[in-house]
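Please read the points below with the model open beside them.

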Amino acid sequence: MAPVQAWRFGQVRVWQLPHVPGTRGEPQARELLAAELDSTPQALPLTRDERGRPWLIGGLSHYGTGWSHSGGHLLVALGERVRLGVDLEQQRPRQQMRQVIARFFHPDEIAWLDGLDDAAREHWFFRVWCAKEALLKAHGHGISFGLHRLRFAPGDDGALHLAWCDPGLGEAARWHLHEWQAAADFRAALAWYPA
């Protein structure tokens with residue numbers, strides 16, 4: 001299945017493919033990665049660690065990879081000499097959005113988001129959530145590490161920036177973040193740091 005869209009963010013490439021909701025993303029990701037890395041899906045040295053994070057090993061261990069699916073879309077990311085995470089979220093009304101923010105976000109993010117009107121809060125909620133998920137996937141622990149242990153803030157350029165993170169995530173300045181509208185009603189984020 002051919003990608004419907006592709007992006008390059010620095011040294012990382014990201015592809016978007018159609019995806020059947022309710023199915024695993026790994027088989028499609030394996031096919032795309034194998035084609036990009038001159039392998040076959042069966043021979044691709046792809047494994048998962050104890051937390052389920054995907055890794056390329058052996059002769060391809062200098063590549064970082066990851067994928068995320070939501071609705072009918074799948075994102076697959078690949079970068080050389082980086083550790084990366086990618087997240088895709090469908091933007092739809094969330095009944096418990098304010099409760100999620102109050103319970104799980106960093107106190108400074110809570111104060112910022114609480115000061116916005118409903119439309120702006122929803123807009124920024126999805127952007128912050130995607131950025132947090134992508135970065136925590138790259139770190140390897142996922143959201144169980146704690147969404148409050150990193151803080152994003154909007155910059156003058158309109159982009160989100162990692163303003164602070166727990167030392168367990170490394171130095172905030174080493175992280176790279178790209179966020180974008182991957183499709184109508186789908187927000188995406190890619191986070192990586194040099195390996």
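1. Helix 2 (97-104) meets helix 4 (118-139) through Met-97, Arg-98, Val-100 and Ile-101 on one side and Asp-118, Arg-121, Glu-122, Phe-125 and Trp-129 on the other. Contact means heavy atoms within 4.5 Å; helices (H or I, at least four residues) and strands (E, at least two) are DSSP runs, numbered from the N terminus. By class, this contact has five nonpolar, no polar and four charged residues. Here Ala, Val, Leu, Ile, Met, Phe, Trp, Tyr, Cys and Pro count as nonpolar, Asp, Glu, Lys and Arg as charged, and the others, Gly among them, as polar.

2. The model is predicted: local features need pLDDT of at least 70, side-chain atom pairs count only at pLDDT 80 or more, and totals for chains, interfaces and linings use all residues. Residues are numbered from 1 along each chain as its sequence is written, and side-chain values use heavy atoms, with hydrogens and water left out.

3. How do helix 2 and helix 4 cross? Their axes come within 11 Å and cross at roughly 50 degrees. Axes are lines fitted to C-alpha atoms, for helices over the stretch in contact, and angles run from 0 to 180 degrees between N-to-C directions. The two helices are therefore oblique to each other; angles under 35 degrees count as roughly parallel, over 145 as roughly antiparallel, 65 to 115 as roughly perpendicular and the rest as oblique. The crossing of helix 2 past helix 4 is left-handed, that is, the near helix is turned anticlockwise from the far one by less than a right angle.

4. Helix 3 (107-114) also packs on helix 4, at an angle of about 155 degrees with the axes 10 Å apart. Helix 3 and helix 4 are therefore roughly antiparallel to each other. Glu-109, Trp-112, Leu-113 and Asp-114 of helix 3 meet Arg-121, Trp-124, Phe-125, Val-128 and Lys-132 of helix 4. The residues of this contact divide into five nonpolar, no polar and four charged.

5. Which residues of the largest nonpolar core touch the most other members? Among its 28 residues they are Phe-105, Leu-135, Leu-150, Leu-169 and Trp-175. Such a core is a set of buried Ala, Val, Leu, Ile, Met, Phe, Trp, Tyr and Cys residues joined through side-chain atoms within 4.5 Å. Buried means under 20% relative accessible area, exposed over 50%, and partly exposed in between (1.4 Å probe, protein chains only). Helices 2, 3 and 4 and strands 8 (150-154), 9 (160-165) and 11 (186-194) each supply at least two residues of this core, and helix 4 gives the largest share, eleven residues.

6. Leu-135 touches Leu-150, Phe-152, Leu-162, Leu-169, Trp-175 and Ala-191, leaving aside residues up to four places away in sequence. Apart from this core lies another, of 17 residues, including Leu-84, Leu-88, Ala-182 and Leu-190.

7. In helix 1 (residues 26-36), the buried residues include Glu-26, Gln-28, Arg-30 and Leu-33. The buried residues of this helix pack against strands 2 (12-18), 3 (46-48), 5 (63-70) and 6 (73-80).

8. Asp-38, in the loop between helix 1 and strand 3, has a positive phi of about 55 degrees although it is not a glycine; at 74% relative accessibility, Asp-38 counts as exposed. Asp-185, in the loop between strand 10 (176-183) and strand 11, has a positive phi near 70 degrees and, at 47% relative accessibility, counts as partly exposed.
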